[in-house]
Amino acid sequence: MAERYVMSIDQGTNSTRCILFDHRGRLVSVAQKEHQQHFPRPGWVEHDVVEIWQNLRRVVPEALSEAGVGQEQVAAIGLANQRETTVLWDRRTGTPLGRAIVWQDTRTAPLVEELRQHPGEEFFLDRCALPPSTYFSALRIRWLFDHLKGIEQRARDGEVLFGTMESWLIWNLTGGTDGGLHITDATNASRTMLMNIRTLAWDDELLDFFGVPRSMLPEIRSSAEPYGEARSLLPGVCITAALGDQQAALFGQTCFSPGEAKCTYGTGSFLLLNTGADPVRSRHGLLTTVAYQIGDQPPAYALEGSIAITGALVQWFRDRLGLISSAPEIETLARTVEDNGGCYIVPAFSGLFAPRWRSDARGVIVGLTSYITKGHLARAVLEATGWQTREVVDAMNADSAVSLQQLKVDGGMTADNLLMQFVADVLDVPVVRPMVAETVSLGAAYAAGLAAGYWPGLAVLRRNWHRAAQWLPAMDPERREAEYENWQRAVERSLGWVRTPRTP
């Protein structure tokens, strides 16, 4: 009998990927296509979801062809997606009502300030465990209602559907206007500000507050269960999983027990800690989120720390300053010196995210003397990622009953050995990287394979996880704390730089 595989579709911020995995969790083939980023105004970020759907139609056959696999050998499909990105489309025609508003988009900032004043953060934290932020989908829906004529009434009349990217793709895959499934999973729903974090159902008070009609919302399902069969692209193949990309990475890293954590180091970085069966309310600037839900089992929850600028700082060092010609060169340059020479870089290019959430902060370089070389600056660039990770981990340890014992890492920056050693040093825990770097795609595949019976249980997935590299802490404790204190002093100097006009 022919070998069977699980297909993972990773619809990310920059591209759409299709990857096939085998029983041992090994990558068999991959196809990828980037889509255009639209920036119509400062702070606005949009995607053309028709382009993304067309890209998916291209990468699925490419992945099958590269592996020499027929669609009858695909056991199940799982999706991972950029979270919070908001799509509205016409229920009857399937036509999007404009471009999607991307999670990075900040056009809803004035509304965030209003909500912080009234009804205040507690109203939202009590229900959805999220503070008002430009991050989340409900504010984008409200903005579209307020700025696109007639949309709100059409939504109330049942003519408009809302979804994040996995909802849009599943609807199209399962028939679109001809009976397409309008669903989301609990991890994505937990990022909308519309789902009750405890009941995993749309919350009437939040819907009333934002003026969002229930009829436009997808049905909330678990992260791993048979949703339905594809009718387009892969007719007859069952779609059995969907997760937001960072939750998928947590799943792909097999962080199934409370206290297990992963950090994905990319343009920004996202650290998630599994907190088990109860949502932990953060008192230290982290987000409470659904980690995953398998079938009818109770959900697992996580604390999340989002760092806005990590890999993007290396890109800035390369593209804007021209001090290196390729990203990997930063490690070579940083190794030309023993330490940072007393120099610290705080990359608050668009404010600071977790755990500080200060939109008034801007980037600073402190400690400059005539001694400083570009090698010291390169080291300070890498150390900024380490110290920002430390701040998030300190917040997690303060919020959680279990302190971090080890950090699993993935993403492009983990190829930098100097950086990974520094992260281990400043956290004082081992840092480990798995053999399979594509943890987002792997997590979606694992959830889909579990729901389809391709893998029998979580224990098998744990056995699939193999360590590729490990870094052990080696920094003198006194030096660690002295350097951390210097970092925090540097951060203080980045705050209050942007002065917002006072509202009368």
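Leaving aside its neighbours within four places in sequence, which residues is Gly-244 in contact with? The points below take up this and other features of the structure, which is a predicted model.

1. Gly-244. This glycine belongs to strand 12, which spans residues 238–244. Its contacts, leaving aside neighbours within four places in sequence, are Asn-81, Arg-83, Asp-185, Thr-187 and Asn-188. Gly-244 counts as buried because its relative accessibility is 0%, and the limit for buried is under 20%. Val-28 lies 216 residues from Gly-244 in sequence, and the two C-alpha atoms are 23 Å apart in space.

2. Asp-90. Strand 6 (residues 87–90) contains Asp-90. With 6% relative accessibility, Asp-90 counts as buried. Its side chain has two polar partners to check. One is the side chain of Arg-154, with a polar contact at 2.5 Å. The other is the backbone nitrogen of Arg-92, which the side chain of Asp-90 reaches at 2.7 Å. Not counting residues up to four places away in sequence, Asp-90 touches Thr-95, Leu-97, Arg-154, Glu-159 and Trp-171.

3. Cysteines. The structure holds 0 disulfides. Cys-128 has a relative accessible area of 1%, so this residue is buried. Cys-343 also counts as buried, at 0% relative accessibility.

4. Trp-387 and its ring partners. There are 23 aromatic pairs in the structure. One of them joins Trp-387 and Phe-422 edge-to-face, with 5.3 Å from centre to centre and 90° between the planes. This pair links distant parts of the chain: Trp-387 is in helix 12 (residues 374–399) and Phe-422 is in helix 13 (residues 417–427), 35 residues apart. Both Trp-387 and Phe-422 are buried. Trp-387 also pairs with Tyr-484, and here the rings are stacked, 5.5 Å centre to centre with 10° between the planes. Tyr-484 sits in helix 16 (residues 477–492), 97 residues from Trp-387 in helix 12, and this pair too links distant parts of the chain. Trp-387 counts as buried because its relative accessibility is 0%, and Tyr-484 is buried with a relative accessible area of 6%.

5. A single aromatic cluster is formed by Trp-103, Tyr-135, Phe-136, Phe-270, Phe-353 and Trp-357. Elsewhere, Arg-107 lies over the faces of two tryptophan rings. For Trp-44, the distance from the ring centre is 3.7 Å. For Trp-143, the distance from the ring centre is 4.6 Å.

6. In soluble globular proteins, nonpolar side chains tend to be buried together. The largest nonpolar core here has 79 residues, and those with the most contacts inside it are Met-193, Leu-194, Phe-210, Met-216 and Phe-251. Helix 14 (residues 439–451) gives the most to this core, contributing 8 residues.

7. Leu-194. Which residues surround this member of the largest core? Leaving aside neighbours within four places in sequence, Leu-194 is in contact with Ala-138, Ile-141, Ala-201, Trp-202, Asp-203, Leu-206, Leu-207, Phe-210, Val-212 and Leu-217. Phe-210, one of these contacts, is also listed with Leu-194 among the residues with the most contacts inside the largest core.

Methods. Residues are numbered from 1 along each chain as its sequence is written. This is a predicted model: local features need pLDDT of at least 70, side-chain atom pairs count only at pLDDT 80 or more; totals for chains, interfaces and linings use all residues. Side-chain values use heavy atoms; hydrogens and water are left out. A disulfide is a pair of cysteine sulfur atoms within 2.5 Å. Buried means under 20% relative accessible area, exposed over 50%, partly exposed in between (1.4 Å probe, protein chains only). Helices (H or I, at least four residues) and strands (E, at least two) are DSSP runs, numbered from the N terminus. A polar contact is a pair of N or O atoms within 3.5 Å; within protein, one must be able to donate a hydrogen and the other to accept it, and residues adjacent in sequence count only if both atoms are side-chain atoms. Contact means heavy atoms within 4.5 Å. Rings of Phe, Tyr and Trp (its six-membered ring) pair if their centres lie within 6.5 Å; planes under 30 degrees apart count as stacked, over 60 as edge-to-face and the rest as tilted. A charge sits over a ring if NZ of Lys or CZ of Arg is within 6 Å of the ring centre and within 35 degrees of the ring normal. A nonpolar core is a set of buried Ala, Val, Leu, Ile, Met, Phe, Trp, Tyr and Cys residues joined through side-chain atoms within 4.5 Å.
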